[in-house]
Amino acid sequence: MHSPVSKADRFENGSNLAPSIYRPDIDGLRAISILLVLGSHSWPAFVPGGFIGVDIFFVISGFLITGIILRQSAEGSFSLPNFYARRGRRIFPALIIVMAVTYAVGWAIMLPSDFSILGQNMVAGAIFASNLLQLKSVNYFAAGAAYNPLLHLWSLGVEEQFYIFWPLLLLFVRGQRSLIIAVTAIALTSFTISAVQVISHQQQVAFFSPLARAWELMAGAALAALHVKKSIALPIPASLKAVVGLGLIIVGALTLDKISPFPGWNALLPVVGAVLLLDSPNAPTAAILRARPMVAIGLISYPLYLWHWPLLSYLAILRSGSPTELEIAGTLCAAFCLAWATYRWVETPIKQSRSTIGYLSAGLVAAGLAGIATVWDSGMTWRFPIEIRDIASLRPATNPGFRKACFLPPDEGAAAFEPSCIEAGDKPLIMLWGDSTAAALYPGLLSIQQVGSFRIGQLTASSCPPMLGLEVSERRSCPEINARVLQLVSEVHPTTVLLHALWDTDKDLKGLVDTVAALRALKVPRIIIVGPVPMWKRGLPETILSFYRVHHIIPMRILKGVSGIDRDEKMKSVAAKLGATYISAWQTLCDQHGCVASTDATPAGITTLDTAHLSAAGAEFLMHANRGALLDNDR
């Protein structure tokens, strides 16, 4: 994420300071940054915007690295090979150790699909391109991001890309005027890219892209240019700059959150705040930053950043996404201990040695090759017994309900429904209408078809709940699809319409009200709403793996790592108000002993294929348990 320049990298990093003076306030600022990040990752409810700590690190890096390059260039002592070697000695040691330990733990506890993703991140981390990998991989704030132990290397990628290209550019800049023009042009262009991408709903790209982040490093670079070239500071009283700078950071940390447009304009809060604090080393407020505990934390901030996320990620994996507060606190204590040990016994000795860069580079290459081998071998499935391999091979696509033309993927419109989606004949017709979780119910209906003697119609589409008029960002064709389903209902006259989706009870359900009203207008005899299925926080296969690792059996039920009772109660109330029959998937699959994980304690009986999509076995279990409600008028 950042490469602190501290006591071992002494240089003049403030105006009106003698050369080679160490500034403890910068380590104190690093402490604020890393504490914000730790708070955001551990207790986001209290520090919702703590992720801005990374932006502060970007500013610090731009300030310090630019200062080093400009000063050594002015003295005629700057050397690109020496610069890169020094960065390598600073960055590689802790990174190699953390990646090695992360890989070893992943080997023991990760399913092949997740371990393969870890391999991809190992490769990207080894070539400092993790941010580029994440551009299309995962939303930083998505729930699943917590299970990627090397996700945090994205920020290290941004900084390393800066370290590679910025020195090369500075070598071609001559004179103060050209330097100011270059910094200003890069900063304005980058900020514009960031703001435009955020406004145009490309926040994922803006968050990870070096083009959208460069202006934050340039902010620090601009301040360093002012200090080194003219020995002037921003013409504002130091005490005022420090108070305003600290205030901006506090405001950002407390008011921003994971749904805030970011970076863009909101990133000005931490960036401007960091610039003001860096420019006021002698302000009274800086005494807080110079305090011994703050400096101590700042000195280990780099290894602390590297260690904390894999530890928290593996804690979430082992605890099925639901660690206790005490476990989180204990994990952070372990991160501090490992960070101090890494700083004391790894970083410090290696920084003082000039003959280690070749070995360090070889270590990083080895980490990358391990990642390549892992991806090539599809996550090394042979690490696990056959039962776990069978579970790991399960995918939602294996459910017969995800059949072509009756379940529409994101790129298909309503016209793709085929006549075969509605069985021909004169028997009573049960019409299945909803999103992908509804499609997963299809094999359950098939399993009771012989008992009930009815026809099945399936009209389902991904990310499209059966709510008329609902506009879904993930699928803009949803209103068109639902309108087409309603038209088909009016043509084929089903005796029962079965409505199901990944119900989001925190949002307006007016569309469902309209759907039920429209079905009543068409005189559909029975309307059944199937409530939300249990939500496995990590996914049921991963949760079973955690259980199997300790107990060496596939459980029939699991109590932890699953939720849904609140949504079930809300949907039951909604169905009652609408006068619709309600089938509670939660009450069918869950009781005081937990939710059904496998119907027969074998991989074939696994009930859910990911976080929410039922398997054929799970759908059959649910439909058989509720066949009385389903077949009441359809015998």
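## Disulfides in the model

A disulfide is taken here as a pair of cysteine sulfur atoms within 2.5 Å. The structure is a predicted model, and a search of the whole of it finds three disulfides. When the bonded cysteines of the protein are numbered in sequence order, they pair as 1-2, 3-4, 5-6.

## Cys 406 and Cys 421

Cys 406 is joined to Cys 421, with an S to S distance of 2.2 Å. The link of these two residues is left-handed, with -100° about the S-S bond. It connects distant parts of the chain, the two cysteines being 15 residues apart. Cys 406 lies in the loop between α17 (386–392) and β1 (407–408), whereas Cys 421 lies in the loop between β1 and β2 (429–434).

Both Cys 406 and Cys 421 are buried.

## Cys 464 and Cys 478

The sulfur atoms of Cys 464 and Cys 478 are 2.1 Å apart and form a disulfide. The disulfide of Cys 464 and Cys 478 is right-handed because the torsion about its S-S bond is about 90°.

Cys 464 counts as buried because its relative accessibility is 1%. Cys 478 is buried as well, with a relative accessible area of 0%.

## Cys 590 and Cys 595

Cys 590 and Cys 595 are joined by a disulfide with an S to S distance of 1.9 Å. The torsion about the S-S bond of this pair is about 105°, so the link is right-handed. Cys 590 is buried, and Cys 595 is buried too.

## Cys 333 and Cys 337

For Cys 333, the closest cysteine sulfur is that of Cys 337, at 6.8 Å. This distance is too far for a bond, because a disulfide requires the two sulfur atoms to be within 2.5 Å.

Cys 333 counts as partly exposed because its relative accessibility is 49%; the cut-off for exposed is over 50%. Cys 337 has a relative accessibility of 54% and therefore counts as exposed.

Methods:
Residues numbered from 1 in each chain as written. Predicted model: local features only at pLDDT ≥ 70, side-chain atom pairs only at ≥ 80, totals over all residues. Heavy atoms only, no water. Helix = DSSP H or I, 4+ residues; strand = E, 2+ residues; numbered from the N terminus. Buried < 20%, exposed > 50% of the residue type's maximum accessible area, 1.4 Å probe, protein only.
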